[in-house]
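Here's a quick briefing to read alongside the model. Have the sequence and the 3D view open as you go.

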Amino acid sequence: EVQLQASGGGLVQTGGSLRLSCVVSGFTADDLAIGWFRQAPGKEREGVSCISTYDGSTYYADSVKGRAAISNVIDGNMVYLQMYDLEPEDTAVYYCAADRSFTKWLRGTSDYWGQGTLVTVSS
């Protein structure tokens, strides 16, 4: 059974930083796209960042470029998203998602989703 376990959300002040973690288990493939989406109240879901466990290629939304860094621990199938210089606009529920297709991930149609973790950035 494929499972994604997200953690690391919380309350942080503007300009602060935090690290989100996602543990992926149950996959047998070693070529995955794993990353984070977020959804703020009243807004559409947005793909934030993704990494390919095959070649390390990454994707960042324009809204977080320069303020985020995604990385993965291959053996542990764990992905981290370090976010810096947080803004109130980053407040959202963040979801970890995984798929064998990077393209599907970018389209927001990943086959596997974890539970959300809430990030609140106070002004």
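Predicted model: local features only at pLDDT ≥ 70, side-chain atom pairs only at ≥ 80, totals over all residues.

Residues are numbered from 1 along each chain as its sequence is written, and side-chain values use heavy atoms, with hydrogens and water left out.

**Overall fold**

- Starting at the N terminus, the order of elements is β-β-β-β-β-β-β-β-β-α-β.
- The chain is as compact as a globular protein of its length, because its radius of gyration of 13 Å is close to the 14 Å that the globule rule gives for 123 residues; the radius is taken over C-alpha atoms, and the rule is 2.2 Å times the number of residues to the power 0.38.
- Along the principal axes, the C-alpha atoms fill a box of roughly 45 × 25 × 25 Å.
- Of the contacts with a separation of 6 or more, 56% are between residues 24 or more positions apart; contact here means heavy atoms within 4.5 Å.

**Surface and charges**

- Buried residues come to 41% of the 123 in the chain (buried is under 20% relative accessible area, exposed over 50%, partly exposed in between, with a 1.4 Å probe and protein chains only).
- The chain carries 9 positive and 14 negative charges, and their mean positions are 3 Å apart (Lys and Arg count as positive, Asp and Glu as negative; His and the chain ends are not counted).

**R38**

- R38 sits in strand β4 (residues 33–39) and is buried, with a relative accessible area of 6%.
- Its side chain makes a polar contact of 3.2 Å with the side chain of S63; that term means a pair of N or O atoms within 3.5 Å, one able to donate a hydrogen and the other to accept it.
- Leaving out residues up to four places away in sequence, R38 touches a list of residues including E46, V48, E89, D90 and Y94.

**G47**

- G47 belongs to strand β5 (residues 46–52) and counts as buried at 16% relative accessibility.
- Beyond four places away in sequence, G47 touches W36, F37, Y59, A61 and W105.
- G47 and L106 are 59 residues apart in sequence, yet 6.8 Å apart in space, C-alpha to C-alpha.

Notes:
Helix = DSSP H or I, 4+ residues; strand = E, 2+ residues; numbered from the N terminus. Charge placed at Lys NZ, Arg CZ, Asp CG, Glu CD.
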